[in-house]
Amino acid sequence: MAKDLFGICPFVTSQKILQGKWAILVLHELSQGTRRFNELERELGITHATLSSQLKSLEREGIVSRTVYAEVPPRVEYSLTEIGRKFESVLASIEAWGYDYIDFLHANRPTVS
């Protein structure tokens, strides 16, 4: 049922786009600027195959742009598309909420004696 709502319901649509375990972290890294594959791999600490799969998915959805330069060796850069850049405000909200939740955890964590 929910799958039928893709492109209709904003929550179902967003969830499908962000379904990869690393999607939000890849988008966060690209929100800092254009990156090459190896830079992303190093910064995120994920495997080559996982990053490749996540980037392909985000590219297929129109969130990430892949630019190949005709050089030897080939240079490939990834960046957010226009619609991908619109997600930056969502990333800022996620970050703010994340910090609030970290504070909540620290305030409510039982002390070890």
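User: What should I know before I start?

Analyst: The model is predicted, so local features need pLDDT of at least 70 and side-chain atom pairs count only at pLDDT 80 or more, while totals for chains, interfaces and linings use all residues. Residues are numbered from 1 along each chain as its sequence is written, and side-chain values use heavy atoms, with hydrogens and water left out.

User: Is Ser-79 buried or exposed?

Analyst: Buried means under 20% relative accessible area, exposed over 50%, and partly exposed in between, using a 1.4 Å probe and protein chains only. Ser-79 has a relative accessible area of 19%, so Ser-79 is buried. Ser-79 belongs to strand S3, residues 75–80; helices (H or I, at least four residues) and strands (E, at least two) are DSSP runs, numbered from the N terminus.

User: Which residues does Ser-79 touch, not counting residues up to four places away in sequence?

Analyst: Contact means heavy atoms within 4.5 Å. Ser-79 touches Leu-30, Thr-34, Ile-63, Val-64 and Ser-65.

User: Which residues of the largest nonpolar core touch the most other members?

Analyst: In soluble globular proteins, nonpolar side chains tend to be buried together. A nonpolar core is a set of buried Ala, Val, Leu, Ile, Met, Phe, Trp, Tyr and Cys residues joined through side-chain atoms within 4.5 Å. Here the largest has 19 residues, and Val-26, Leu-27, Leu-30, Leu-51, Leu-55, Val-64 and Tyr-78 touch the most other members. Helix H2 (23–31), helix H3 (37–44), helix H4 (48–60) and S3 each supply at least two residues of this core.

User: How many aromatic pairs are there?

Analyst: A pair of aromatic rings is described by the distance of the centres and the angle of the planes. Rings of Phe, Tyr and Trp (its six-membered ring) pair if their centres lie within 6.5 Å; planes under 30 degrees apart count as stacked, over 60 as edge-to-face and the rest as tilted. The count comes to three. In one of them, the centres of Phe-37 and Tyr-78 are 6.5 Å apart and the planes are at 55°, so the pair is tilted. Phe-37 in helix H3 and Tyr-78 in strand S3 are 41 residues apart, and both are buried.

User: How are Trp-97 and Tyr-101 arranged?

Analyst: They form a stacked pair, 5.2 Å centre to centre with 10° between the planes. Trp-97 is exposed at 57% relative accessible area, whereas Tyr-101 is partly exposed at 37%.
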